[in-house]
Amino acid sequence: MNKMPRKRPIKLRCPICKKPTKAMHTDFPFCSERCRLIDLGKWASGAYVISSPVADTDEAIRQDSLDEEDTP
Ligand SMILES: [Zn+2]
């Protein structure tokens, strides 16, 4: 059926400068502390927008259903 050989050598690269890194590295997955700090800075400045206000919406829905139960 679907027999895809999955034995490729995994090449790990620093997500910042794309240099090859080692999994044993202290700053893994980054090649150096410098790149790790750059990545941290990206998160802090909002360069990565991943966390959308999903939790807020969920809470709003929960509150709505609670209100319905309270008011007959
Ligand atoms: Zn790097």
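User: Which residues coordinate the zinc ion, and through which atoms?

Analyst: This is a predicted model, in which local features need pLDDT of at least 70, side-chain atom pairs count only at pLDDT 80 or more, and totals for chains, interfaces and linings use all residues. Residues are numbered from 1 along each chain as its sequence is written, and side-chain values use heavy atoms, with hydrogens and water left out. The zinc ion is coordinated by the SG atoms of C14, C17, C31 and C35, at 2.3 Å. Donors are N, O and S atoms within 2.8 Å of the metal (3.2 Å for Na, K and Ca); water is not among the atoms, so sites may look incomplete. Along the sequence the donor residues follow the spacing C-x2-C-x13-C-x3-C.

User: What makes the arrangement around the zinc ion tetrahedral?

Analyst: The 4 donor atoms subtend angles of 102 to 120 degrees at the zinc ion, so the arrangement is tetrahedral. Four donors count as tetrahedral if all angles lie between 85 and 135 degrees. For four tetrahedral donors the ideal angle at a metal is 109.5 degrees.

User: Why is C35 called buried?

Analyst: The relative accessible area of C35 is 1%, so C35 is buried. Buried means under 20% relative accessible area, exposed over 50%, and partly exposed in between (1.4 Å probe, protein chains only). C31, at 18%, is therefore buried, whereas C17 has 33% relative accessibility and so counts as partly exposed.

User: How many disulfides does the structure hold?

Analyst: The structure holds 0 disulfides. A disulfide is a pair of cysteine sulfur atoms within 2.5 Å.

User: What can be said of the protein as a whole?

Analyst: The protein has 2 helices and 0 strands. Helices (H or I, at least four residues) and strands (E, at least two) are DSSP runs, numbered from the N terminus. Of the 72 residues in the protein, 10% are buried. The accessible surface comes to about 7,100 Å², of which carbon and sulfur atoms hold 57%; the areas come from the Shrake-Rupley method with a 1.4 Å probe, and for residues only the protein chains shown count as cover.

User: Why is D27 called buried, and with which residues is D27 in contact?

Analyst: D27 has a relative accessible area of 11%, so D27 is buried. D27 lies in the segment before α1 (33-45). Leaving aside neighbours within four places in sequence, D27 is in contact (heavy atoms within 4.5 Å) with S32, E33 and R36. A polar atom of the D27 side chain lies 3.0 Å from the backbone nitrogen of E33.

User: Which residues is K19 in contact with?

Analyst: Leaving aside neighbours within four places in sequence, K19 is in contact with L12, R13, C14 and C31.

How values were computed: Four donors count as tetrahedral if all angles lie between 85 and 135 degrees; four count as square planar and six as octahedral if opposite donors are over 155 degrees apart and all others between 65 and 115; anything else is irregular. A polar contact is a pair of N or O atoms within 3.5 Å; within protein, one must be able to donate a hydrogen and the other to accept it, and residues adjacent in sequence count only if both atoms are side-chain atoms.
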